[in-house]
Amino acid sequence: MKANERVVLVGTKAVLVPYQVIHVPKYHTWMQNEELRALTASEELSLEEEYEMQRKWRVDEDKLTFIILARHEQADELETNTPEINPTDPRLHSLPMIGDVNMFFNGTPDDVDDFTAELEIMIAEPDYRRGGYATEALQLILRYATENIFPSDGLHLAHTLPLRIPVPSLVVRVGDTNTPSIRLFEKLGFTIVKHVKVFEEVEMRVSLVSSL
């Protein structure tokens, strides 16, 4: 999505940046892992196909994609989100790439009955799982896209998505045995509203919009 091509979202643990060409080789390496492909319902692509996919995702208006970088002690200067932080900022180059977070749009926000914005997240690097990175990455993208807080521990963003996403349209679909992911989204106010047995997955939506 072109709307976020110059957007950097900085949290206390995670930094979200647009999916850029420099990220493709690492992402391609992740997608050679059969388990990650299964968890993300992804097909195995060649490196050339992965570059083409990155170019497509940067312009598709129905996909909002960020790469997740992990902060470290040397990144203390990235304390706040300011418009001056650019995706090419040298301060970001040393931060390890650990996953991605996405929002896929079906329809348009004006169509309140049928529009959905489906959330997906992947922490591909095992050393960064269960460390709070997924929670904060979701808080950042949700805050950016909806302008709602989603318990954020004081995160304040300089950017918001020009096309505001209605909170009731948010949806998550995860495997019905993926307890860690279910618990993750429950922490952010989502609850299970449907069990689709044929796909062995559950559908989750925000339960209490007024409390966000």
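**Cavity, buried residues and helices in a predicted model**

In this predicted model, the largest cavity has a volume of about 30 Å³.

Q: How many cavities of 30 Å³ or more does a search of the whole structure find, and which residues line the largest cavity?
A: The search finds 1 cavity of 30 Å³ or more, and the lining of the largest cavity consists of Met1, Asn4, Tyr19, Trp57, Arg58 and Thr65.

Q: Why is Asn4 called buried?
A: Asn4 has a relative accessible area of 2%, and buried means under 20%, so the value of 2% places Asn4 in the buried class. Asn4 is found in the segment before β1 (9–10), and, not counting residues up to four places away in sequence, Asn4 touches Pro18, Leu64, Thr65, Phe66 and Tyr144.

Q: How do you know that the span of helix α3 (residues 47–59) agrees with its 13 residues?
A: At 1.5 Å a residue, the 13 residues of α3 should span 18 Å, and the end C-alpha atoms are 19 Å apart, which agrees.

Q: Which residues of α3 are buried, and why are they said to be on the same side of the helix?
A: Glu50, Gln54 and Trp57 are the buried residues in α3. They cover an arc of only 70° around the axis, and this puts them on the same side of α3. What covers these buried residues includes α1 (24–30), β3 (63–70) and β4 (97–106).

Q: Which residues of helix α5 (residues 179–187) are buried, and why are they said to line one face of the helix?
A: In α5 the buried residues are Ser181, Ile182, Leu184 and Phe185. Seen down the axis of α5, they fall within an arc of 160°, and so they line one face of the helix. They pack against β5 (116–123), α4 (133–146), β6 (170–175), β7 (190–196) and β8 (201–206), while α5 itself is followed by Gly189, whose phi is positive, near 100°.

Q: How many helices and strands does the protein have, and what share of its residues counts as buried?
A: The protein has 5 helices and 8 strands, which follow the pattern β-β-α-α-α-β-β-β-α-β-α-β-β along the sequence, and 48% of its 212 residues count as buried.

Key. Residues numbered from 1 in each chain as written. Predicted model: local features only at pLDDT ≥ 70, side-chain atom pairs only at ≥ 80, totals over all residues. Heavy atoms only, no water. Buried < 20%, exposed > 50% of the residue type's maximum accessible area, 1.4 Å probe, protein only. Helix = DSSP H or I, 4+ residues; strand = E, 2+ residues; numbered from the N terminus. Arc of directions from axis to C-beta. Contact = heavy atoms within 4.5 Å. Expected span 1.5 Å × (residues − 1). 1 Å grid on protein atoms, 1.4 Å probe; cavity = no way out; pocket = protein on both sides within 12 Å on 5 of 7 lines; lining within 4 Å. Points joined across faces, edges and corners; volume = space filled by probe spheres on them.
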